[in-house]
Amino acid sequence: MTETTHWIERLNSFLKSETEDERILYVGKFNELVANGFNSKQAYINLHRQIVEPLLEENELVWEDYTEATAKAMFRPTLFDVKTWIELATKIGPSAATGNWHAVEHDWSWDLSDLEESV
């Protein structure tokens, strides 16, 4: 597998919740970045940020909130995951959203009825 193929697969994985047309569009943008001198990893990072940053800004969140969430809780999220985290972060704050995401990823239950039954 070439490096470019690896990063295109990562991009498609990130965009798996999107339509095929959107994935094709973004792969085209990725290829354009590579053709303009970016290496494959730089092209992926640049495009990832171009996709995510406007969503964050629309919801009054910053890139640092997102990178903290990906470092602490979200391993290789899809765009659907990112949108879900953003929605949660706008309701309860980025730190709490990241904490809740971490709990869900580890199958920790926050259902109070479960706690009441065990008491």
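## Salt bridges within helices

E53 and R49 form a salt bridge in which the closest N and O atoms are 3.1 Å apart. The model is a predicted one. Both E53 and R49 belong to helix α3, where four residues, about one turn of the helix, separate them. E53 is partly exposed, at a relative accessible area of 23%, and R49 is partly exposed at 33%.

Helix α5 holds the pair K91 and E87, likewise four residues apart. Their salt bridge has its closest N and O atoms 3.3 Å apart. K91 counts as exposed, with 60% relative accessibility, while E87 counts as partly exposed, with 47%.

In the whole structure, four salt bridges are found. One of them joins E18 to K83, with 3.5 Å between the closest N and O atoms. Because E18 lies in the loop between α1 and α2 and K83 in helix α5, this pair ties together parts that are 65 residues apart in sequence. E18 is buried, with a relative accessible area of 14%, whereas K83 is partly exposed, with 37%.

## Packing of the helices

Helices α3 and α5 pack at an angle of about 15°, their axes being 10 Å apart. The two are therefore roughly parallel. Their contact comprises eight nonpolar residues, no polar residues and one charged residue.

Helices α1 and α2 pack at about 145°, with axes 10 Å apart. Six nonpolar, three polar and one charged residues make up this contact.

Technical notes. Residues numbered from 1 in each chain as written. Predicted model: local features only at pLDDT ≥ 70, side-chain atom pairs only at ≥ 80, totals over all residues. Heavy atoms only, no water. Axes fitted to C-alpha atoms, helices over the stretch in contact; angles between N-to-C directions. Parallel < 35°, antiparallel > 145°, perpendicular 65-115°, else oblique. Nonpolar A, V, L, I, M, F, W, Y, C, P; charged D, E, K, R; others polar. Salt bridge = Lys/Arg side-chain N within 4 Å of Asp/Glu carboxyl O. Buried < 20%, exposed > 50% of the residue type's maximum accessible area, 1.4 Å probe, protein only.
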